[in-house]
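Here is a friendly tour of a protein model, with its surface, its pocket and its charged pairs as the stops. Please keep the viewer open as you read.

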Amino acid sequence: ERRDALEISLGRMRLKNPVMLASGTCGYGRELRDWFDLSSLGAIVVKGTTLAPRAGNPPPRLVETAAGLLNSVGLQNPGIQHFIELELPELVEAGATVVVNVAGDTEEEYVEITRRLASLPAGTVAGVELNVSCPNVEKGGLQFGTQPQDVFDLTRRVVAVAAHLEVWVKLSPNAPDIVAVARAAEAGGASAVSLVNTFRGLAIDLDARRPVFARTFGGLSGPAIKPLALRMVWEVTRRVGIPVIGVGGILTAEDALEFLLCGARAVQIGTAQFRDPEASVRVIEGIEAWLSARGIRKIGEWIGSLRVKGEQLYPQADA
């Protein structure tokens with residue numbers, strides 16, 4: 001079968017397929033290299049990376065729910081310089097398409113991290129994904145992600161120093177108006193938006209009569225949020241002209257196909273990787289088999305073709 005049937009474009013990026021690993025769920029890909037070839041993915045979005053190292057939140061950090069996972073990791077990471085010197089070379093050697101999820105407490109930190117990544121040889125890193133939607137830290141994250149003007153200002157500043165890098169913005173479902181935030185990211189020059197990040201949730205320790213997490217709330221991911229994420233993706237794809245990347249509760253190829261049908265140009269797999277380290281590869285293979293069985297030769301024929309009361313999604317360029 002022709003392998004280019006799944007090729008898509010995201011701005012200037014050309015990906016062999018629309019399936020990526022979501023930030024925060026795959027680290028820097030080190031453990032997953034024992035399971036599959038990282039170059040087989042559309043891209044890998046590495047964990048949220050800050051200017052200086054962060055210790056993250058105190059344990060416990062994960063709580064399973066009936067249909068998902070609550071986390072309160074707090075952006076633990078070794079800092080951007082460690083990533084560039086020790087983690088990135090292995091990803092490049094593996095042939096992975098790398099997007100770096102960038103987080104910070106101030107606009108200046110986002111800008112400085114992006115500037116360092118943009119100074120690397122072209123092709124080393126494909127883009128940055130601005131984390132303006134993390135609910136598990138004291139500062140940063142959501143402080144930028146709920147107000148359209150803040151997202152516009154941050155995106156514009158980062159785009160100004162991004163050079164050859166694509167700039168994505170990862171949106172919070174906790175924003176009062178996610179469509180307005182998406183439009184602000186587009187106006188600021190973002191080449192794509194990723195949605196959604198986790199929903200704020202609460203886990204209780206009955207015996208202790210207190211929240212399980214030290215910071216009270218955690219971020220809910222997994223199958224429980226898929227219907228909500230799908231709805232938001234559908235709403236945003238109708239209102240912006242830049243590509244949308246669908247995230248939230250994708251376990252199977254059918255889940256991914258639903259996001260693509262709603263207008264997402266690509267998807268990210270996260271929580272599913274904890275249950276099955278090869279989930280992303282199975283999704284890629286499943287998408288190809290599903291489309292082939294129905295005589296759909298190019299994935300672009302499927303993207304955004306949802307039929308809803310005669311309405312059309314925002315017209316996007318051919319995939």
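Which residues form a nonpolar patch on the surface?

## The model and its surface patch

This is a predicted model, where local features need pLDDT of at least 70, side-chain atom pairs count only at pLDDT 80 or more, and totals for chains, interfaces and linings use all residues. Residues are numbered from 1 along each chain as its sequence is written, and side-chain values use heavy atoms, with hydrogens and water left out.

The patch consists of Leu202, Ile204, Leu206 and Phe217, which together have about 410 Å² of accessible area. Patch members have over 30% relative accessible area and no salt bridge; like charges are joined within 9 Å, and nonpolar side chains (Val, Leu, Ile, Met, Phe, Trp, Tyr) within 5 Å. Areas come from the Shrake-Rupley method with a 1.4 Å probe, and for residues only the protein chains shown count as cover.

Leu202 sits in strand S11 (residues 199-202); strands (E, at least two residues) and helices (H or I, at least four) are DSSP runs numbered from the N terminus. Leu202 is partly exposed because its relative accessibility is 44%, given that buried means under 20%, exposed over 50% and partly exposed in between (1.4 Å probe, protein chains only).

## The largest pocket

The largest pocket holds about 680 Å³ of space. On a 1 Å grid over the protein atoms alone, a pocket is an open set of points where a 1.4 Å probe fits, with protein on both sides within 12 Å along at least five of seven lines; lining residues have an atom within 4 Å of a point. Grid points are joined across faces, edges and corners, and the volume is the space filled by probe spheres set on the points.

Its lining has 39 residues, with Ser23, Gly24, Thr25, Asn71 and Thr198 nearest the centre. Two or more lining residues come from each of strand S4 (43-49), strand S6 (68-71), strand S16 (266-269) and helix H8 (272-275).

## Salt bridges

The whole structure has 17 salt bridges, each a side-chain nitrogen of Lys or Arg within 4 Å of a carboxyl oxygen of Asp or Glu. One of them joins Lys298 and Asp4 at 3.7 Å, N to O. Lys298 follows helix H9 (279-293) and Asp4 precedes strand S1 (8-10), so this pair ties together parts 294 residues apart in sequence.

Glu107 and Arg157 also pair, with their closest N and O atoms 3.1 Å apart. Here helix H2 (residues 107-118) supplies Glu107 and helix H4 supplies Arg157, 50 residues apart.
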